[in-house]
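Colleague: Hi! Could you walk me through this one?
Modeller: Happy to, let's look at it together.

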Amino acid sequence: MKIYLSVDIEGIAGITHWDEARKPQADYAEFGERMTAEAVAASEGALAAGASEIWMKDAHGTGRNILAERLPSEVRLIRGWSGHPFGMVQELDDSFDAAAFVGWHGPASHENNPLSHTLTGAYAHMTLNGELCSEYLLHAHIAALTGTPVVFLSGDVGICALARRINPQIETVETNIGHGESVIGISPGLARNQIRAGVETALRSDLTAHVQPSADEFELRIRYHHHGLAYQKSFYPGARLDGSDTVVYKHQDFYEVARLLRFMS
């Protein structure tokens with residue numbers, strides 16, 4: 001099997017504050033280590049299930065967080081950002097058997113993680129076809145363009161629940177639940193054990209049973225924190241301004257939605 005792993009930080013066990021997620025901050029080092037450890041656990045689960053090749057995207061911030069020397073030799077690590085519309089699943093194509101997302105988090109304005117956001121801090125709220133839009137939802141649609149099922153997700157309680165609504169067969173590991181600016185998290189060791197086992201279980205399941213999100217047309221609504229930025233971004237071809245702070249875009253091809261998002265922040 002050829003497996004794709006995308007690893008973020010705001011959904012790893014115990015993370016609570018932006019100082020723990022931003023590289024220049026003193027608190028970051030511990031959580032960069034935890035992000036790496038959860039990435040390793042997911043890789044080990046994939047290898048136990050029979051994966052012979054793993055591609056991993058460092059999908060947080062700079063894209064330069066995961067300590068590469070800790071990874072199994074079967075892993076190819078994608079660092080940095082190319083600007084490709086696939087974003088957090090850059091290089092994904094139809095040669096992959098399955099994808100798994102590690103350390104992911106709830107969407108902008110969601111209550112189960114004090115670090116909830118969607119792609120960038122510029123967005124106050126985002127919906128796709130009327131549903132609250134997370135990075136998981138966006139990238140599950142991107143994966144569907146390549147025919148790759150997303151079979152596993154770990155992260156906060158909120159994003160796991162949203163993922164199961166889309167794909168009831170997905171294997172999830174709930175690492176944290178947020179209340180206001182606080183987090184109740186499982187121990188990092190337990191998180192790693194559950195991620196390792198969860199990825200293995202997911203990849204041993206019937207991969208064809210996983211629901212791929214789809215629609216005949218996609219309407220993306222992005223509400224910005226600052227109305228001036230919404231006005232500027234409303235000039236993207238096909239986009240329009242709704243009120244003072246919201247940009248609306250419709251298209252039948254989700255690739256075009258993904259491309260739009262490269263230019264909206």
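**Helices and their contacts**

Modeller: This is a predicted model. Let's start with helix H2 (residues 135-146) and helix H6 (residues 254-261), whose axes come within 9 Å and cross at roughly 130°.

Colleague: Which residues make the contact?

Modeller: On the H2 side you'll find Leu138, His141, Ile142 and Leu145, and they meet Phe254, Tyr255, Ala258 and Leu261 of H6.

Colleague: Is that crossing left-handed or right-handed?

Modeller: H2 and H6 cross in a left-handed way.

Colleague: New topic: how many salt bridges does the structure hold?

Modeller: There are nine. One of them joins the side chains of Glu44 and Arg196, at 2.7 Å from N to O.

Colleague: Where do those two sit?

Modeller: Glu44 is in helix H1 (residues 28-48) and Arg196 is in helix H4 (residues 188-204), so this pair ties together parts that are 152 residues apart in sequence.

Colleague: And how do H1 and H4 lie, parallel or antiparallel?

Modeller: Their axes come within 7 Å and cross at roughly 30°, so H1 and H4 are roughly parallel to each other. The crossing is right-handed. Among the residues that meet there are Ala37, Ala41 and Glu44 in H1, with Ile195, Arg196 and Val199 among those in H4.

Colleague: Last one: which residues make the nonpolar surface patch?

Modeller: Tyr231, Phe235 and Leu241 form that patch of about 340 Å². Tyr231 belongs to helix H5 (residues 227-233).

Key:
Residues are numbered from 1 along each chain as its sequence is written. This is a predicted model: local features need pLDDT of at least 70, side-chain atom pairs count only at pLDDT 80 or more; totals for chains, interfaces and linings use all residues. Side-chain values use heavy atoms; hydrogens and water are left out. Patches are made of residues with over 30% relative accessible area and no salt bridge: like charges are joined within 9 Å, nonpolar side chains (Val, Leu, Ile, Met, Phe, Trp, Tyr) within 5 Å. Accessible areas come from the Shrake-Rupley method with a 1.4 Å probe; for residues, only the protein chains shown count as cover. A salt bridge is a side-chain nitrogen of Lys or Arg within 4 Å of a carboxyl oxygen of Asp or Glu. Helices (H or I, at least four residues) and strands (E, at least two) are DSSP runs, numbered from the N terminus. Axes are lines fitted to C-alpha atoms, for helices over the stretch in contact, and angles run from 0 to 180 degrees between N-to-C directions. A crossing is left-handed if the near helix is turned anticlockwise from the far one by less than a right angle, and right-handed if clockwise. Contact means heavy atoms within 4.5 Å. Angles under 35 degrees count as roughly parallel, over 145 as roughly antiparallel, 65 to 115 as roughly perpendicular and the rest as oblique.
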